[in-house]
Amino acid sequence: MGNRHHKRGRAGTKLSLAALFVCCGLLASPAAAADCSENAVTLRGDWGQARFSVEIADDAAERGRGLMFRESMPASTGMLFIYDKPQRASFWMRNTLIPLDMLFIDSHGVVKHIHHNAIPHDETPISGGDNLLSVLEINGGLAKRMGITVGSELRHRAFADLNPAWPC
C-alpha cells in the first residue's frame, strides 16, 4: 500500500514539474538551448532541460555581494559566479534574505555538488569542494522540484575554451 501511494505521489510531482516548466518558462526550446548567451545558462540531465536568465558575478566585488539583500528572485533566474581558474569554492548566507540552492560546477560545466535550501542569514560555510570554476545560485528548493542532480551539465560561454561536457 505504501509503495502505491509513493508512485502516485511521484506521478503528481512529474505533472507539477511539467506545469512549472510551462508556466515559468523553465523548459528550454531547442533553439534556446543552442544559444550560448552571457546572461543565460541551460542545464540538462536525465531529468530534462531548464534555462535560467543569470546575473554574472565574475570579479571579487560581485562575488562578495552575490544575492545579498534581495527580497525575492523570479523562478527562472539566478546568479552565476565564475572564477578565473578552477578552485575550492565556499559560500555563506550572510545578509542573504532568500533560501538558495547552490550548484557547484567544474571547469567542464558538470555539476559536482548541490547544496539545497541554504538558510537565509546563516554564516556557516557551505563548501562545494575543489576544482570548481562556477557556482549557480537559484531559488531554494527549485533544484529538487525540477530533479536537477549531480552530473547535470551546464551550458554557458564561460566554459567554451575548457573542453565543456556540453559545448556551445
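Colleague: Which residues does Ser134 touch, not counting residues up to four places away in sequence?

Modeller: Ser134 touches Leu80, Phe81, Ile82, Tyr83, Leu103, Phe104, Ile105 and Phe159. Contact means heavy atoms within 4.5 Å. This is a predicted model, where local features need pLDDT of at least 70 and side-chain atom pairs count only at pLDDT 80 or more, while totals for chains, interfaces and linings use all residues. Residues are numbered from 1 along each chain as its sequence is written, and side-chain values use heavy atoms, leaving out hydrogens and water.

Colleague: Why is Ser134 called buried?

Modeller: Buried means under 20% relative accessible area; exposed is over 50%, and partly exposed lies in between (1.4 Å probe, protein chains only). Ser134 has 0% relative accessibility, so it counts as buried.

Colleague: Where is Ser134 found?

Modeller: In strand β6, residues 126-139. Helices (H or I, at least four residues) and strands (E, at least two) are DSSP runs, numbered from the N terminus.

Colleague: Why is β6 called largely enclosed?

Modeller: Count its residues. Of the 14 in β6, 11 are buried, so the rest of the structure largely encloses the strand.

Colleague: How do you know that β6 pairs with β3 and β4?

Modeller: Two strands pair if DSSP finds at least two bridges between them. β3 and β6 are joined by eight bridges and run antiparallel. β4 and β6 have seven, also in the antiparallel sense. Both counts meet the rule. Take Glu137 in β6: it is the bridge partner of Met79, and Met102 stands opposite it.

Colleague: What makes Phe81 and Phe91 an aromatic pair, and of which kind?

Modeller: Rings of Phe, Tyr and Trp (its six-membered ring) pair if their centres lie within 6.5 Å; planes under 30 degrees apart count as stacked, over 60 as edge-to-face and the rest as tilted. The count comes to two aromatic pairs. Phe81 and Phe91 sit 4.9 Å apart, centre to centre, with 90° between the planes. That makes the pair edge-to-face. Phe81 and Phe91 are both buried.

Colleague: Why is the pair of Phe91 and Phe104 called edge-to-face?

Modeller: Its ring centres are 6.0 Å apart and the planes stand at 80°, so edge-to-face applies. Phe91 belongs to β3 (residues 77-91) and Phe104 to β4 (residues 100-106), so this pair ties together parts 13 residues apart in sequence. Phe104 is buried, as is Phe91. Ring pairs link Phe81, Phe91 and Phe104 into a cluster.

Colleague: Why is Asp106 called buried?

Modeller: Its relative accessible area is 9%, so it passes as buried. Asp106 has its place in strand β4.

Colleague: Which backbone nitrogens does the side chain of Asp106 reach?

Modeller: A polar atom of that side chain lies 2.9 Å from the backbone nitrogen of His108. The side chain also reaches the backbone nitrogen of Val110, at 3.0 Å. Beyond its neighbours within four places in sequence, Asp106 is in contact with Lys112, Asn131, Leu132, Leu133 and Phe159.

Colleague: How do you know that Cys36 and Cys168 form a disulfide?

Modeller: A disulfide is a covalent bond between the sulfur atoms of two cysteines. The cut-off is a pair of cysteine sulfur atoms within 2.5 Å. For Cys36 and Cys168, S to S is 1.9 Å. The count comes to one disulfide.

Colleague: What makes the pair a link between distant parts of the chain?

Modeller: Cys36 is in the loop between α2 (30-34) and β1 (40-45), Cys168 in the segment after β7 (153-155), and they are 132 residues apart. The link is left-handed, with -90° about the S-S bond. Cys36 has a relative accessible area of 17%, so it is buried.

Colleague: How many helices and strands does the protein chain have?

Modeller: Four helices and seven strands. Along the sequence, the pattern is α-α-β-β-α-β-β-β-β-α-β. Of its 168 residues, 43% count as buried.

Terms used: Polar contact = N/O pair within 3.5 Å; in protein donor to acceptor, adjacent residues only side chain to side chain.
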